[in-house]
Amino acid sequence: MVLLTLRRNSGSLSAALLAALFAALLLLLTGAPASAAQGHHKRGQHSTKRRGAHGQARRAGNDKPPGAAEGLGQLTGLLPRNNLTEESAIQVNLSNETVRLPLYPGTAPVPGEPSKTEKVWFVLLDASDQGLAHDLGVNFAPKLANIAVGDPAAVQTVTLDSPSPEQNRFGPAVVHFQGAPDFSPTRIAEPGPTGFPLKKFQPGSVAGPGYSPFIKIAGSNVVYNAPIIAAGEGPFDVVHHTNTEDRVLGVHIAPPSPPGQFLQSYADLLFVKGFDAGQPIVYLSTDAGQPLTAVLERSTYVPALNEAAYNGGDDFLGSARERLFGFINGQTGQNNDQAQGFQHLVLDGHAGEDASAENTSLINALRNGGDLLNVFGDFPTLASPRHADAYSPLWDAQLGLWTAKAIKEGLNKRQIDENQVFNLAATRPDLLTGVNPATGEPAPYGSVGVDINCAVIGFTADAPTANLAEPAPNSQFPPL
């Protein structure tokens, strides 16, 4: 993702400093990690809102959450099941920032030792077929049918065991993957002098040959989002993540099921907070097509996704992507209800630390608004079927740069709605622009070549159903 140095308090930016910092941006977006030590430790139309069964947590006295938590909906307890889009989720625990998902068994070649295979464990998040998505309790994402367009490596073809009745009375068949992530690298996210840009960075997991989280079963054209998040027979390292992805905070492998029963294996994963159509949402980030993106997202670096169809595609023919809106130089501060963006994540969200259930300072910082707080585009609950069905877990980042004028006047405020971001970019380039990654200068707003696999999990207030503003003319396709 994009790098920017910004003073912690609002103030004017140095144009010279801005240009200098972005000089290496193109390499960081698409190339190998820079200055990274190598090591192993291991849109819809306006409509009546659908009400969620929650309410923003209301606490009094000294228990009042920090200002950055403002507008994030329910902050503690279990998320009601009717607030889930990922219906197979066993639970979403807002007190410890985790989603508990069913865990499925597989095998894959050992990264670096292709003649050997190992046990792997994956989660199911999305499917390109509506009936199968409902059957499995995952998000329906029809755009995934396009993901291999121009990039066959973005989908791996897997096979299923064909067990006898004696081998499998009731339960999932083992999936045989062509490739798997290597979880052994040390994740490095060393903050720079002002936080972001990072001084050093390195992804904590990297795709092995043949790996993509997007799979097709041999004999079927349905595409599933099925990222591998752990490897081996256990014990599983959920502190330093030498055999798990960096968001895995717990793994439970069920014993053999008694006759007539099915005992579920599951994993607890650290979710991410954001917004869609003015409402707070939670989602899971598992993979990214660029190294720095993977570091900031605590996800697996999958180079094959960098070419997935396609930069700037959104709702055009053949696109597998949907737009996501991030902000380089939003405001910062744990007690600031306008905090948002990359600098905020590094300074206020403990981005340099390993995530674990024991790291309660990190958990609480994220729970109270220390995340990136990106704005999503299309979402499964939007009232317009056209926009609900345009959801995809593969997000094409549109990164906004607040101008010196916006910062000086305190107008670099938290954004929560896609159309409002569009309208700013389209009508107020004096406040919000895109970024030219080669020079660091303001550029036309749009895709910057960053894509992220982020399946939505649910919403913590009301369901997103309609955008907060009508789009500016010519800002969307197809036109509304």
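Me: In which loop does Leu373 lie?

Reply: The model is a predicted one. Leu373 lies in the loop between helix 6 and strand 22 (375–376).

Me: Why is Leu373 called buried?

Reply: A residue counts as buried when its relative accessible area is under 20%. Leu373 has a relative accessible area of 0%, so the term applies. The backbone of Leu373 is also of interest, with a phi near 60 degrees, a positive value in a residue other than glycine.

Me: How do you know that Ala277 is buried, and what is its phi?

Reply: The relative accessible area of Ala277 is 3%, and the cut-off is 20%, so Ala277 is buried. Its phi is positive, about 50 degrees, although Ala277 is not a glycine. Ala277 is placed in the loop between strand 18 and strand 19 (279–288).

Me: Which residue with a positive phi follows helix 6?

Reply: Gly369 follows helix 6, and its phi is near 100 degrees. Within helix 6 (residues 360–367), the buried residues are Leu362, Ile363, Ala365, Leu366 and Arg367. These buried residues pack against strand 16 (248–252), strand 17 (266–270), strand 18 (272–276) and helix 5 (342–348).

Me: What makes the contact between Asp315 and Lys143 a salt bridge?

Reply: The term requires a side-chain nitrogen of Lys or Arg within 4 Å of a carboxyl oxygen of Asp or Glu. For Asp315 and Lys143, the distance from N to O is 2.7 Å. This value lies within the 4 Å limit, so the pair qualifies. In general, side chains of opposite charge can pair when their charged atoms come close.

Me: Are Asp315 and Lys143 buried or exposed?

Reply: Asp315 has a relative accessible area of 18%, which is under 20%, so Asp315 is buried. Lys143 has a relative accessible area of 9%, so Lys143 is buried by the 20% cut-off.

Me: How do you know that Asp396 and Arg321 meet in a salt bridge?

Reply: The side chains of Asp396 and Arg321 are 3.3 Å apart, N to O. The limit is 4 Å, so this pair also counts as a salt bridge. Asp396 belongs to strand 23 (residues 394–402) and Arg321 to the loop between strand 20 and strand 21, 75 residues apart. Asp396 is buried at a relative accessible area of 0%, and Arg321 counts as buried at 1%.

Me: What joins Lys143, Asp315 and Glu322 into one network?

Reply: Salt bridges that share partners join these residues. A search of the whole structure finds 11 salt bridges. Among them is the one between Asp314 and Arg323, at 3.2 Å from N to O, and both of these residues are buried.

Me: Why are strand 6 and strand 15 said to stand at the edges of the sheet?

Reply: The open sheet has 9 strands in the order 6-5-14-13-7-8-3-4-15, with mixed pairing. Strand 6 (139–140) and strand 15 (228–231) each have a single partner strand, so one side of each is left without a neighbour in the sheet.

Me: What is the volume of the largest pocket, and which residues lie nearest its centre?

Reply: The volume of the largest pocket is about 670 Å³. Its lining comprises 31 residues, of which Asn168, Phe170, Gly171, Pro172 and Phe262 lie nearest the centre. By class, this lining has 18 nonpolar, 9 polar and 4 charged residues.

Key. Residues numbered from 1 in each chain as written. Predicted model: local features only at pLDDT ≥ 70, side-chain atom pairs only at ≥ 80, totals over all residues. Heavy atoms only, no water. Pairing = 2+ DSSP bridges. Helix = DSSP H or I, 4+ residues; strand = E, 2+ residues; numbered from the N terminus. 1 Å grid on protein atoms, 1.4 Å probe; cavity = no way out; pocket = protein on both sides within 12 Å on 5 of 7 lines; lining within 4 Å. Points joined across faces, edges and corners; volume = space filled by probe spheres on them. Nonpolar A, V, L, I, M, F, W, Y, C, P; charged D, E, K, R; others polar. Buried < 20%, exposed > 50% of the residue type's maximum accessible area, 1.4 Å probe, protein only. Contact = heavy atoms within 4.5 Å.
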